[in-house]
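I opened this notebook to record what I looked up, one topic at a time. The entries follow the order in which I turned to each part.

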Amino acid sequence: MKAYPRTTLGVALLYTAGGLAWLAAMGIAALWFRTILLSPHVNQAAGYAIAPLYYFLVTFHGQAAMMMIVEDISLSIFAFSLYKSNMSAQHFKLLTLSFFLINLPMIVTFAGGPTTGWYMYPPLSLQLGSWLYFGSFPAAIASKLVGLAYFMMFLNAIGTILASITLFVDGYKTRPREGKIPVFAAYGMAFGGALIFITEFALAAGELWYVLYFWASVPVNPLTWVVLFWFWGHPVVYYAPFAVFGGLYYYIPKFAGRALYSEKWARYNIVLLFTFSMLAWVHHLQTWPLPTVLRAFITPTTLILAAGSGLTVLNLGLTIATGKGYQWKNPIGLSALIALIGFILAGLQALILPINPLNVIVHNTYYVVGHFHLMIWTIIVVGYVSILLDMLASKMNGASLSSLGAGMVSGGVIMWTIGALLLGYTMSIAGYEGLIRRWVAYPVKFLSYMDWMTMFAMIMGASFVMYGLPVLLTLLGVKTSAFWETSGITGVSSTGGGPGVMASGTENRSVDHVNKPN
Amino acid sequence: MSEHRDWEKIWFVVMLVIVAAFVGYSFLGVVSGSTATYRFGLPLQSGVPKPLPNGTVIIYMEGVQWAWVPQNATQIIYLPNGTELQIPVSSNVITYINGFPYIKVYPNQPVEMVLYSNNVVHAFYIRLPHGPQNVNIVPGINSYSFFFAPSAPGNYTFHCAEYCGIGHSYMYGYLWVM
C-alpha cells in the first residue's frame, strides 16, 4: 500500500487503509464507552463526572464512522469496482489529496473534544461548553477554535466531494467503448460517486454555516439546519451498503455458478435506490415539528426504497437458489452470503420505522441503534470484507488465502455475525422497552441489558481481531506468507480449480484473480 | 428469460400490496387520531382535541439544560352554558421531590403538555401503559403532547429523549397519578 498511489488498485487500497485505521479507533472508543455503561450511574455526581468523557467517545465514534469510514470504504469499493471492470482512476494526485483531506483535518476537530453527538444539532453544537478542550479557553478564543474545528469538518466534506467527482469523471472517461458499464462499476459510479457528491454538499453547507456562525456571527436556524443536515445524514448511510450491493451482484453469481438472475433489474434498481435514498431523508424527524404533509410524504418514499432493497435480496437470493450449489466455504463467498442474510435480518427491524403510528414508540431509543448497527455490522462490514479479500488478493498478485488465512477470516466473520445479531437484537429489545439512546445514566432495570450488550460487543471485538489481523498485515505487507499462497491449494482456497492467475503487479484488470468458481 | 419476467412481476405486485398496506395503516392512524405524533402533538397543536375535554389539565413545561421545569398549570372547566374557564391549579398539580418535578393528576385525566425550550433541542418522552408520547421540542417553536393519564395510580417517568448535553440522562420528572 502506497501513500501516493498511481494505480486504481492502489487508490482502493489507500482508502481502505484510511477506513480501517479509523474503524479500529472508533471500535476502541465503542468498547471504552461500553465499559462506562456497565454502571447505571444512579449517583448523579458520579454520572456528571464521567459524562464528558462518555459523550466525547460517543461523538468520536459516530463522527469517525459517518464522516470518514463510510466515505473511505465507499470510495475504496468504487475504485476497486473500476479496477474489476477494466476501467480506471486517472487523476491520482487529486485522489491522494482528497484522501488526506477526508482523513486528516478532523484530527483537529477531535482534539477540541466535541460532545455534540455525530449529528451535532444546533443550538447544542453552537454552545462552547459542548467542546471539552476548545470550550475551556476564554470565549473570544474558544469561538475561533470551535469555528476552526467545524472548518476542518468542512474540509473533510470537500475532500469527499472532490474524490467522488474525480472517480466519477475518471470512470466515465474510461467506460467501455462498447456495451454497458458492468453492474459492479455502475453501482460504484452511482453510490460511491454521484450519490456522494450530490448529497455531501448538504453536509458541507451545514458545516460552513457553523463556521460562519463562529467566525462571522451568522445566525443559525435550528429547524432549517436539521432538515439540511439530514439531506446528507440519511443518504450517507447508503453510500457504503449500496456500493456493496454492486460487489454482491458481482461475487454472488460467481460463487453460485451462474449469471446474475436478472441484470436488468439490478440496473433498474440503481435508479430506484438512487432517487428514493434522497427522498426519504426527513424520516429521521417524524417526532419533530414539521408540516404533517412532509412527514406523511416520507412513509411511502421510505417503503419504496425498502422495496428496492428487497428487490436486491430477491435478485441475489434467486441467483443463489437457482445456481449450481453456492461455494460458501470460500471466505469471499461466505462473506457475501452472510452480508446478504444479515441485510435481511437487519432490514426486518426497519420495517416499522417509517410507519407514523409506530415510529413514535421507538424513535430515539436503542431500537433504532440496534437496527442501524446491525446493518453496519452485516451488509457494510461483512459485505466489505468480501470485496476487500478480493482486493487484497489482487494486491498479492492473484494469490489465494492459505488455510490459516481462510480459517481466520471465515471463523472471524462467523463469530462476528453471531455477536452482531445478538447485540443488535438485544439493543432493539431494550429500546422497545424504553431505553433511550445517549443516556450515560439509565434506569436500573436496563442494567442486565447493558451487561449483555457489552458481552456481545466483546465477542465482536475479539472476532474483529481474528479476521482483521490477516487483512491488516496483508495491507502492511507483514507476514503475508502466513496468510497467502501463490501455488497449490491447502484447506479452503479462493481459486477453486488451481492457483490464482498471476498478475503483472501493476494494472492487470482483466482477470478474476480469485473468484473463479469450481 | 420468461422465468425472470414472472418473478419480477410477482415481486412488483407483492411490494405494491405491502407498501399500500403500510401506507394505508399509517394514513388511517393519522385520520383516526390514534397516531400520537400527528393527532395529539407537534406543530400548531395539530390534532389536539378542540375543544379540549372537560377537566383537561394544561401544563406549561419548559425544557432547560438539564431539567424539566413545569412553570404553570391550568385546568379546563366548562360552565353549563358552555363557557370555558381556565382555572389556575399550579400549586395543586406541580410539586418537587428531591429536586425532580412531579405532575399530579387523577386517573384517566386528560393532560395537555405545552412544551418549549429556552436553549437547545429536547424531546418529551413518556411511556404510558396505553402507548408512549415522544415529541421533539425545538427552541422558538411550541410542541404539544396530549394524552390521558393512566387508570392505574403510580409514578410514570418522563424523560428527555433528544441528546441535549452532558446532563441529558438526568433530565426527567414524574407524572404522579394519585
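**Entry 1, charges across the interface.** I looked first for salt bridges (a side-chain nitrogen of Lys or Arg within 4 Å of a carboxyl oxygen of Asp or Glu), and the count between chain A and chain B is 0. I note that this is a predicted model, in which local features need pLDDT of at least 70, side-chain atom pairs count only at pLDDT 80 or more, and totals for chains, interfaces and linings use all residues. Residues are numbered from 1 along each chain as its sequence is written, chains are lettered from A and ligands numbered from 1 in the order in which they are written, and side-chain values use heavy atoms, with hydrogens and water left out.

**Entry 2, extent of the interface.** I then looked up contact (heavy atoms within 4.5 Å) and found that 60 residues of chain A touch 46 residues of chain B. The buried area, meaning the accessible area (1.4 Å probe) that two parts lose on being put together, summed over both, is about 4,700 Å², and carbon and sulfur atoms give 67% of that. On the side of chain A, the residues that lose the most area to chain B are Tyr48(A), Tyr261(A) and Pro289(A), together 13% of what that side buries.

Helix 10 of chain A gives the largest share, 12 residues.

Helix 3 (residues 92-103) of chain A has 12 residues and reaches 16 Å from its first C-alpha to its last, close to the 16 Å expected at 1.5 Å a residue, where the expected span is 1.5 Å times one less than the number of residues. Its buried residues (under 20% relative accessible area, 1.4 Å probe, protein chains only) include Phe92(A), Leu95(A) and Phe99(A). The buried residues of helix 3 pack against helix 1 (8-36), helix 2, helix 4 (106-111) and helix 5 (139-173) of chain A.

Is Ser26(B) buried or exposed? Ser26(B), in helix 1 (residues 2-32) of chain B, is buried because its relative accessible area is 3%. Gln109(B) lies in the loop between strand 5 (100-105) and strand 6 (110-117) of chain B, and Gln109(B) also counts as buried, at 3% relative accessibility.

How values were computed: Helix = DSSP H or I, 4+ residues; strand = E, 2+ residues; numbered from the N terminus. Buried < 20%, exposed > 50% of the residue type's maximum accessible area, 1.4 Å probe, protein only.
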